Amino acid sequence: MEGRVHSIQTLGTVDGPGVRFVLFMQGCPLRCGFCHNPDTWDAGGGKTVTPEEILKNATRYRAYFGKEGGITVSGGEPLMQAEFVRELFTLCKKAGLHTALDTSGCLWNEKVEALLEVTDLVLLDHKMPDEARYRAHIGCGIDAPERFLAELDARHIPTWLRRVIVTGINDTIEDNRALFALKNTYPCVKKIELLPFHKFCYTKYEKMGLPFPFGDKPATSAAQIETITKEFE
């Protein structure tokens, strides 16, 4: 079996617990206004690899993982290649490596269900506060991640909810009240992470000849993130 991947980060510290080997898959059906990897959108791009090749590469860094680290598969949208990720995670489980899936939750089918059987942790993006903003800025409805979250809860899969905070888009206390309330509604939610919007990706859009939808928005400050988080903690 082969999959298409965009890139690899060997010692990641922001995509799950501990130090992690992060695999970025190629292909994404969404067009988020703050996307920092537009070069992952093309499902036919990237390079082909096998699950065995990725596992061999990941285990080279196992000494750095400690008790909490492991492998995280992100994107793009990894659910587009659910069969490949399931095969990789199956090998990881046999090798004793913790598996984390970073996803928008935009797809649901039998292949995704099978993938979750070998997934230890899900980092689920809950990108916008309501249906209107999901449709305007993301490219799917809010029902997709909320259905995905309900499925995770039914399967008792530990979940971190994540949201990129963009000034003037989803940065108010009111915008994020419902997000933090999900932690009380779904026992599977162990953590909520607010991530700052940045524009480091601007040159990627320029090189690809694409407009950056949120290019006129300022980068989010640490103080903004702290203000929202403290309100609910």
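Which unit do β4, helix α3 and β5 make? In this predicted model, local features require pLDDT of at least 70 and side-chain atom pairs count only at pLDDT 80 or more, whereas totals for chains, interfaces and linings use all residues. Residues are numbered from 1 along each chain as its sequence is written, and side-chain values use heavy atoms, with hydrogens and water left out.

Strand β4 (residues 70-74), helix α3 (residues 82-94) and strand β5 form a right-handed β-α-β unit; helices (H or I, at least four residues) and strands (E, at least two) are DSSP runs numbered from the N terminus. Right-handed denotes a clockwise path from the first strand over the helix to the second, with the strands pointing away from the viewer. A further right-handed β-α-β crossover leads from β5 through helix α4 (residues 110-116) to β6.

Strand β5 (residues 98-103) is mostly covered, five of its six residues being buried (under 20% relative accessible area, 1.4 Å probe, protein chains only). Its pairing with β4 is parallel, over four bridges (strands pair if DSSP finds at least two bridges between them), and Ala-100 of β5 lies opposite Thr-72. β5 also pairs in the parallel sense with strand β6 (residues 121-125) over four bridges, where Thr-103 has Leu-124 as its bridge partner.

The open sheet comprises eight strands in the order β3-β1-β2-β4-β5-β6-β7-β8, with mixed pairing. Its edge strands, β3 (47-49) and β8 (189-196), each pair on one side only. Strand β2 (residues 20-25) pairs with β4 in the parallel sense over five bridges, and Leu-23 has Val-73 in β4 as its bridge partner.

Note on methods. Buried < 20%, exposed > 50% of the residue type's maximum accessible area, 1.4 Å probe, protein only.
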